[in-house]
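My notes follow the structure.

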Amino acid sequence: MPNVVCVGAQWGDEGKGKIVDHLSPRADLVVRYQGGPNAGHTLVVDGETTILHLIPSGILNEHTLNLIGAGVVVDPEVLLRELEKLEQRGFSITRDRLRISDRAHLILPVHRMIDQVREESRGKPIGTTGRGIGPAYEDRAARTGLRVCDLFEPAVLEARLEAALRERNALLELHYKWPPVDVKTLAKSVLEWAKRLAPFVDDVGVTIDEALRDGRSVLLEGAQGTLLDIDHGTYPYVTSSNTLAGGACAGAGIGPTRIDAVLGISKAYTTRVGGGPFPTEDKGPAGEHMHSIGREVGATTGRRRRCGWLDLVVLRHAVRVNGITSLAVLKLDVLTGLPEVKICTGYRTQDGRDVAHFPASLALLESCEPVYETLPGWGESLEDARTLDDLPATARDYVLRIEQLLGVPADLVGVGPSRESTIERANPFDMPRRS
C-alpha cells in the first residue's frame, strides 16, 4: 500500500488529528515527524474526546504502531502525562503501540521559561504557545541540545546539562531577571524520565525502513499547518520547524522516494491563532458564526481562533509547496445556516494590483484585499451525510467548486467532529504505488 503524508494546508487547527485517526486502521505505522507539544490534535470517538499533544493520532487504533520521529521536540513531562491519561482510561500503551526516536531532541524546563518570558517581553507578541518549542529547536541548531539517547548516559549527563544550561541560565538571570535552573535538580528529573521512557525508545528510522521493505503502509502526521512553516509560512508568525510534507522525510528518517501521496487538510473556511495578517478574516456575523458553531478555541492554549472565509491563495500555495495530491475539506457542517458562503479566489492591493501568489512580504500581505466568489448557502443539517450525494445541492456545489478552482480532488469531506462524520469519496491509500 502507498505511504501518505497528512499535512495541514492552512494556519494549523485544520483537523489533522481527526483524519489521521480516521485513516489509521489502514496504516501499519503512524509517524509524527515535526513539532512538539504545541500541537493539539482532537479526536472524537464514540462520543469521547481525546486531545493529544505529542503522541501520534493513530494511538486509539490498537493495531497501529505509533512513532515519534527525530524531527519532533519531546517534552518528557508532557509525554508522560499523556501516557498516564490514556492508561487511566484503560488503554494499554506498550512498545507495540508507541515508540520514540532516540534522535529526537528534548524540551527542558528552561526552554519553557525562555519561551514564556520572551513572549511576555515582546512589544508585539507572535503568539507562541509558551511550550518551549522555539528555544528547543534553537539549541538543536546550536548543537547544544540534549537528545533522547542522552537520557541513558548518566556518566556524562550532568556535564551535558551544565553545558546546555550555561547560556540559558545567563539569559534568564542577567537579561530577564528570572531565577536560573538548578543543574542537579534537573539531573534527578532527567534520570526519572529515562527510567519511565526507556521501554519506548527506538531507532525510529530503522523501524520505518524495515516496515517499508516488508510492504507495510505508513501514514506520516504533521503537527502544524503550511503557513506556520519556518521557511514558507507567514514569518515571523510561524513555528520553529518545517511543517511541510517535505519535512516528513527528514523528520521521520526516510528518503523522498518513499512518499507516494500527500493529503492536504483544510477547513471549509479559514482560521488562525495569534498575530499576523489574515486577508479573509471576517469580524462580522459570519466570522462569529464560524467561531461559535465551530467551537474555534485552541486545544493547546485555549485561545480564541480568528475566523474567516476559505482562502484559495493560501491553498494554492499549500498545494504547490507540499505537492498535495488530494484534499480533506473538513468542518463543512460549520457553514450550515449562513445565507451565502464565500471563496477567496485572489488578492488585490489597495492600488489595484492583482496578487496571484501568496506573498513573502507581510507588508504586502497586509495591503491585500480578498477577491471573493459568492455562492448560495444551505440550511439543512449535514450530520448524517455519508456520500457527496447526501449533501444539499448548494453544499455539494461548494465542495465541487473548491475542487475545480484548485485542480485537486477533495477525497474526504468532514461533516461533523466524530470519526464517523466523514464522507470518503476515495481512499488515499488506494492509489497504485509508483514504480
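I began with the outward face of helix α6 (residues 183-197). Its exposed residues K184, K188 and K195 sit on the face turned away from the buried side; exposed means over 50% relative accessible area, buried under 20%, and partly exposed in between, with a 1.4 Å probe and protein chains only. The model is predicted, so I note that local features need pLDDT of at least 70 and side-chain atom pairs pLDDT 80 or more, while totals for chains, interfaces and linings use all residues. Residues are numbered from 1 along each chain as its sequence is written, and side-chain values use heavy atoms, without hydrogens or water. Helices (H or I, at least four residues) and strands (E, at least two) are DSSP runs numbered from the N terminus.

Next I listed the buried side of α6: V183, L186, A187, V190, W193, A194 and L197. Seen down the helix axis, these buried residues fall within an arc of 120°, so they line one face of α6; the arc is taken from the directions from the axis to the C-beta atoms. I then checked what they pack against and found α2 (76-88), β7 (98-101), α3 (109-121), α5 (154-175) and β9 (201-202), where contact means heavy atoms within 4.5 Å.

I looked at the length and start of α6. The helix has 15 residues and reaches 21 Å from first to last C-alpha, close to the 21 Å expected at 1.5 Å a residue; the expected span is 1.5 Å times one less than the number of residues. D182 caps the N-terminal end, with a side-chain oxygen 3.4 Å from the backbone nitrogen of K184.

I moved on to α3.

Last, I traced the partners of strand β16 (residues 340-349). Strands pair if DSSP finds at least two bridges between them.

- β14 (residues 310-311) runs parallel to β16, with 2 bridges, and L310 is partnered with I343.
- β18 (residues 368-376) is antiparallel to β16 over 9 bridges, and R348 stands opposite E369.
- β17 (residues 354-355) is antiparallel to β16 over 2 bridges, with V355 as the partner of Y347.

β16 and β17 form a hairpin with 4 residues between them, and G352 in the turn has a positive phi of about 90°.

Definitions and conventions: A polar contact is a pair of N or O atoms within 3.5 Å; within protein, one must be able to donate a hydrogen and the other to accept it, and residues adjacent in sequence count only if both atoms are side-chain atoms.
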